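Welcome! Here is a short tour of some backbone and ring features to look for as you explore.

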Amino acid sequence: MAAVDTNATIQEKTTAGPVRPLANFPPSVWGDRFLSFTLDNSELEGYAKAMEAPKEELRRLIVDQTMDSNKKLSLIYSVHRLGLTYLFLQEIEAQLDKIFKEFNLQDYDEVDLYTTSINFQVFRHLGYKLPCDVFNKFKDNTSGAFKEDISTDVKGMLGLYESSQLRTRGESILDEASSFTETKLKSVVNNLEGNLAQQVLQSLRRPFHQGMPMVEARLYFSNYSEECATHECLLKLAKLHFSYLELQQKEELRIVSKWWKDMRFQETTPYIRDRVPEIYLWILGLYFEPRYSLARIIATKITLFLVVLDDTYDAYATIEEIRLLTDAINRWDMSAMEQIPEYIRPFYKILLDEYAELEKQLAIEGRAKSVIASKEAFQDIARGYLEEAEWTNSGYVASFPEYMKNGLITSAYNVISKSALVGMGDIVSENALAWYESHPKTLQASELISRLQDDVMTYQSERERGQSATGVDAYIKTYGVSEKEAIDELKIMIENAWKDINEGCLKPREVSMDLLAPILNLARMIDVVYRYDDGFTFPGKTMKEYITLLFVGSVSM
């Protein structure tokens, strides 16, 4: 998460204090804007009540036995793209179970590219491994390449491009499809008009599978109006659902904004990045369903603690202060306050108090272990930050394996993913926590994306500040390659990690999709924040656009 302004300044040493690596972080672009929101509960209840009729009508459509299977899959696809799957999960899975069991490759002989692609995406998104062989017929038997004539079918090409994002390792036809369709779509996008132009632009900017679910749902609603209007109940439910979520989420954002202001972090630690709406957006990306309201609030607070810690280590504290603070966090005891600098004591007290209150609350429900897991992850990252600080202090460039071992910790992934579990309720059982602690392949893959996507985008600014701990530099040192080769190799590692995540989300799964979703979505949010720039330190582009879309505008009714 840590990357700072390339215009960072070093404070001159004076008799008043030590040399500090002060960073000129841009201020919040939002100020106190979200503090003034007032939730009208009757309005929220009104949307909930209004949703019932279109929800029941849509449920009947989903289970309609007379509907053609391709039309059924197209409907389910739109339901999924609009973020409504959780409302009909049992019904949708029952339908997909039935259609999947009856799958016959020959049935796709006469099916066009667009329909094939939609069907493929529906099954893969919902965990069914429909064979990628369904796309074989679109390749030339002689050359083995994709047929040139499919490039005139822009909707089909777009569908194939989106399908290719769901590939797993070894699915070479989808590797080829990704490259082929991306090239073709880029060559025609400037000649397109209307919704199709917007659809292609959005997909090339960020495929649906790698986007933030809430934002992708809103963009689908805007850019795919024809598909959304196929069934009136779908259109009506989508609008009401967006309006309901918007009210609930604005209230959550108000709660965490008020908490942040009350804790006075901007006064006691004025050197940090003030990014409350951005962190809330990040956590909203992990789960948007209404039932996870408390989880979002808890995870946002813990991640804001992480920002304070990160910026203290990275952009203010001296190496001696970092050592003392790390020791205090490892001790996790109020008596350690005496050893740490005065400026960080308020933070340390709030950190311990908030965790103690969480542990007390969840102990009543018998779920305190998730709080303990989050706390231990927080202690781990403090030790990881210290390791990086020691490397920088001594000018040491770690080997790539050494860097990755520590870098997976300092990516903040472990803290955020475990903190996301704290408020999720009964689904976070002891078995679920044990699965997390076993560090499964899916978790490793998402963690790797979190580390390397950040590194590829921020290594130059970190290098300019004299930080030796960057993945790019470690790779160059270890393998004796050029900067470009190092970045290309890291991007291949990221691509393969996505394939591993895709595999881990397919049935039979090791754990429920409820537990896998935050892992998948955290990788998605890393892509959102770091694909084009350091969108967290400088949130004037993507994150500002997303916050405006979700919390400043409103759904057109």
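Please keep in mind that the model is predicted. The points below start with the backbone and then turn to the aromatic rings.

- Most residues other than glycine have a negative phi, and most peptide bonds are trans.
- W332 has a positive phi of about 50°, although it is not a glycine.
- You will find W332 in the loop that runs between helix 14 (319–331) and helix 15 (345–364).
- A412 also has a positive phi, near 80°, and is a residue other than glycine.
- The place to look for A412 is the loop between helix 17 (400–410) and helix 18 (413–421).
- A412 counts as buried because its relative accessible area is 0%.
- K507 and P508 are joined by a cis peptide bond, with omega at about -5°.
- P508 belongs to the loop between helix 22 (483–504) and helix 23 (513–530).

**Aromatic pairs across the chain**

- The count of aromatic pairs comes to 34.
- One of them joins F34 and F551: the ring centres are 6.3 Å apart and the planes meet at 80°, so the pair is edge-to-face.
- F34 lies in the segment before helix 1 (41–62), while F551 lies in helix 24 (residues 542–552), so this pair ties together parts that are 517 residues apart in sequence.
- Both F34 and F551 are buried.
- W282 and F536 form an edge-to-face pair, with 5.8 Å from centre to centre and 70° between the planes.
- This pair links distant parts of the chain, 254 residues apart: W282 is in helix 12 (residues 276–284), and F536 is in the loop between helix 23 and helix 24.
- W282 is buried, and F536 is buried too.

**A cluster of rings**

- W259, W260, F265, F305 and F347 are linked into a cluster by ring pairs.

**Charges over rings**

- R81 has its charged end over the ring of Y224, at 5.4 Å from the ring's centre.
- R273 lies over the face of F25, and the distance to the ring centre is 5.2 Å.

Conventions. Residues are numbered from 1 along each chain as its sequence is written. This is a predicted model: local features need pLDDT of at least 70, side-chain atom pairs count only at pLDDT 80 or more; totals for chains, interfaces and linings use all residues. Side-chain values use heavy atoms; hydrogens and water are left out. Helices (H or I, at least four residues) and strands (E, at least two) are DSSP runs, numbered from the N terminus. Buried means under 20% relative accessible area, exposed over 50%, partly exposed in between (1.4 Å probe, protein chains only). Rings of Phe, Tyr and Trp (its six-membered ring) pair if their centres lie within 6.5 Å; planes under 30 degrees apart count as stacked, over 60 as edge-to-face and the rest as tilted. A charge sits over a ring if NZ of Lys or CZ of Arg is within 6 Å of the ring centre and within 35 degrees of the ring normal.
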